[in-house]
Amino acid sequence: MDQLTDFLRQMPKIELHVHLESTITGWLLERFAVRQGRTLPRAPEELYHCSAEDLSDFLGFLDRICSYVGTTADLAEAAEHFSAACREENILYAEAILNPTHWPQFSLPDIISAVTEGFDRGEAAGGADCRFTLSLSRNQTAEEADALVSAMERCRTPRLAGLSIDGNEALSGRTGDRFAPAFARARELGFGLTAHAGESSGPEGVLDALECLKADRIDHGVRAAEDPALLERLAAQRVPLNVCLSSNLALLYRDPREHPLRQLLDVGAAVTLSRDDPMFLGALTLTEELRRAAVFARMSEAELLRCQEIAVDAAFCGEETKAALRAALEAFRSQS
Ligand code: ADE
Ligand code: ZN
């Protein structure tokens, strides 16, 4: 193993932008499919060799993947498996995004309790401390958004960390006003707020996420680089940008040289690094994602560690958890 990979493997890691739907291995899905008396369309190891060329294709593909998860026990098992897989590469803390529109077979209360149970079991068995945000789709209505926040209020658990929104803004257009009331209510209830923006939307999507949704963090945010004044504001206000290089190179930028990761770092933006959709990206590990980012943007070890510290600051967890994560990062820094 080369020195950079070794450093990254051992570095305590924090991941804030990863969709639970895209973490379920083909082998696990095969097991779930068999329980339903179904078979996968392809062998487990080839399941994710899909032909998705753009975000819409990909989101449809995720719907089909999730349909193989037949019971809430399966969903809990998938969540538990994620926690265990994180720990294998020293991810200490992760916040997964789960979008209930991919899971029409389950009620909102059932989703919340199953994922909570899976993450509880995972951590109890030595896995990572995992939390989750529930995510709206950009094509939902204001009423559906309100219903999601009501379910979050009624069924709240310590693992449920916040409200997010994802989906395809290129198709939905600007929706900040539609979702502002639900985000405001989630804020009043004490949930963290994060929003996909600046991926399938340009800088205007990032601006809406800040001004209409009052998001604490932006998932992606890379297209803010198209507007220098906005980029400066994001950096000055230390708005965390949960950047996913490999995902962006697969779904967004035809020419890798257009990716602004180095520029974001240079202007002092609060960058964190995550995988977004690991199974779709060839069972991508966070270690490998960070290695690619390091090579692509010539990131130093200090910069890679700094991204972990920024992720701790941005995490939707209590101060006690943050203190433990900072101590682990400090211990690693002093011995490396
Ligand atoms: N849901 C899962 N992956 C996504 C992405 N890259 N953009 C928007 N929504 C998503
Ligand atoms: Zn995402």
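Helices here are DSSP runs of H or I with at least four residues, strands are runs of E with at least two, and both are numbered from the N terminus. Angles go from 0 to 180 degrees between N-to-C directions, with axes fitted to C-alpha atoms (for helices, over the stretch in contact). Helix H9 (residues 203-211) packs on the sheet too, touching E5 and strand E6 (217-220); contact means heavy atoms within 4.5 Å.

This is a predicted model, so local features need pLDDT of at least 70 and side-chain atom pairs pLDDT 80 or more, while totals for chains, interfaces and linings use all residues. Residues are numbered from 1 along each chain, chains are lettered from A and ligands numbered from 1 as written, and side-chain values use heavy atoms, leaving out hydrogens and water.

As for the sheet itself, eight strands line up in the order E1-E2-E3-E4-E5-E6-E7-E8, open and parallel; two strands pair if DSSP finds at least two bridges between them. E1 (13-19) and E8 (270-273) sit at the edges with a single partner strand each, so one side of each has no neighbour in the sheet.

Then there's ligand 1. Residues around it include His19, Phe58, His196 and Asp276, each with a heavy atom within 4 Å. A polar side-chain atom of glutamate 199 lies 2.6 Å from a nitrogen atom of ligand 1. For aspartate 277, a side-chain N or O atom is 2.8 Å from a ligand 1 nitrogen.

Conventions
A polar contact is a pair of N or O atoms within 3.5 Å; within protein, one must be able to donate a hydrogen and the other to accept it, and residues adjacent in sequence count only if both atoms are side-chain atoms.
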